[in-house]
Amino acid sequence: MSRHYGNRTALALVFCAGLTLTACDGEPVDVAPAAAQPSATSSPSPAENAVTVGAGTFVTPADADRSEADSTAETIALMLHSWDTRLDRTQTSAAIRARPLMSDEWAATQVEPERNGNQGAWLKPSDHGAYSSPTIIPAATDVTRNVSETKAVRVYEVTWEWVSRDGYDLSATGQSTVTIYLERHHGRWDVVGHHRE
């Protein structure tokens, strides 16, 4: 099974340890009244020109249940692969958004480099203002385990597609394996390290 947040959809995720986590999410409902259309003579306001990261589809730290290692690990695995070419300068921008899920020490190491190490793969998506739509599944490995009551390791296979803002059909995809290291302090799981291959 997979977990996918590109369209605010969450599916059941079966963990190697035999635990099953199921999240359900219905179609989003827009309860706000439609905004008035600007007149031909008015110029767009700054709010109208604003771009929402991931067009509002990305998971956030608030989506994690910090009392559960699996929920915390899933959320950060998705966040680390959620990029918006309109707003993100490098892949590290995603890790910086995920800092609230990290220990203070690990969060401090998330520093954006001068250049994007994956710039070539971003060229075509950037032309169309695209953002990534990641999906994760647990990796088939014995590295995933509860080391102790306060330490855990989770490994995920991550794939993503690029979603254009202009309707262009992008065939570009990507994949990686991410290992998440967690520790529990005062009943809350913190990410204390991650490694992406």
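Modeller: Glutamate 112 counts as partly exposed, at 25% relative accessibility (with a 1.4 Å probe and protein chains only, buried means under 20%, exposed over 50%, and partly exposed in between). Arginine 89 is also partly exposed, with a relative accessible area of 44%. Their side chains meet in a salt bridge, 3.8 Å from N to O (a side-chain nitrogen of Lys or Arg within 4 Å of a carboxyl oxygen of Asp or Glu). This pair spans 23 residues: arginine 89 is in the loop between helix 2 and helix 3, and glutamate 112 is in the loop between helix 4 (104-108) and helix 5 (119-127). Helices (H or I, at least four residues) and strands (E, at least two) are DSSP runs numbered from the N terminus.

This is a predicted model, in which local features need pLDDT of at least 70, side-chain atom pairs count only at pLDDT 80 or more, and totals for chains, interfaces and linings use all residues. Residues are numbered from 1 along each chain as its sequence is written, and side-chain values use heavy atoms, with hydrogens and water left out.

The part to look at is helix 2. Confidence in the protein chain is highest there, with a mean of 98, and lowest in strand 2 (residues 13-14), with a mean of 32 (pLDDT is the predictor's confidence in each residue, from 0 to 100). Residues 1-49 have a pLDDT below 50, although beyond near neighbours in sequence this stretch has 63 contacts in the model (heavy atoms within 4.5 Å). The chain averages a pLDDT of 80, and 73% of the residues score at least 70.

Helix 2 is mostly covered, with 11 of its 11 residues buried. Because its relative accessible area is 1%, threonine 75 is buried. Apart from neighbours within four places in sequence, threonine 75 touches Val59, Thr60, Asp63, Ala64 and Leu101.

The largest nonpolar core has 30 residues, and those with the most contacts inside it are Ile76, Met102, Tyr156, Trp162, Val178, Ile180 and Leu182. Two or more residues come from each of helix 2, helix 3 (92-97), strand 6 (151-163), strand 7 (173-185) and strand 8 (188-196). Helix 2 gives the largest share, six residues. Such a core is a set of buried Ala, Val, Leu, Ile, Met, Phe, Trp, Tyr and Cys residues joined through side-chain atoms within 4.5 Å. In soluble globular proteins, nonpolar side chains tend to be buried together.

Valine 178, leaving aside neighbours within four places in sequence, has contacts that include Ala77, Leu80, Arg154, Tyr156 and His195. Strand 6 and strand 7 run antiparallel and are joined by 11 bridges, and eight bridges join strand 7 to strand 8, also antiparallel (two strands pair if DSSP finds at least two bridges between them). Threonine 179 has histidine 195 in strand 8 as its bridge partner.

Arginine 154 forms a salt bridge with aspartate 70, with the closest N and O atoms 2.5 Å apart. The two lie 84 residues apart, arginine 154 in strand 6 and aspartate 70 in helix 2. Both arginine 154 and aspartate 70 are buried.

Arginine 165 is in the loop between strand 6 and strand 7, 81 residues away from aspartate 84. Aspartate 84 counts as buried at 0% relative accessibility, whereas arginine 165 is partly exposed at 24%. Tryptophan 83 is buried as well, with a relative accessible area of 0%. Trp83, Trp122, Trp160 and Trp162 form one aromatic cluster (rings of Phe, Tyr and Trp, its six-membered ring, pair if their centres lie within 6.5 Å; planes under 30 degrees apart count as stacked, over 60 as edge-to-face and the rest as tilted).
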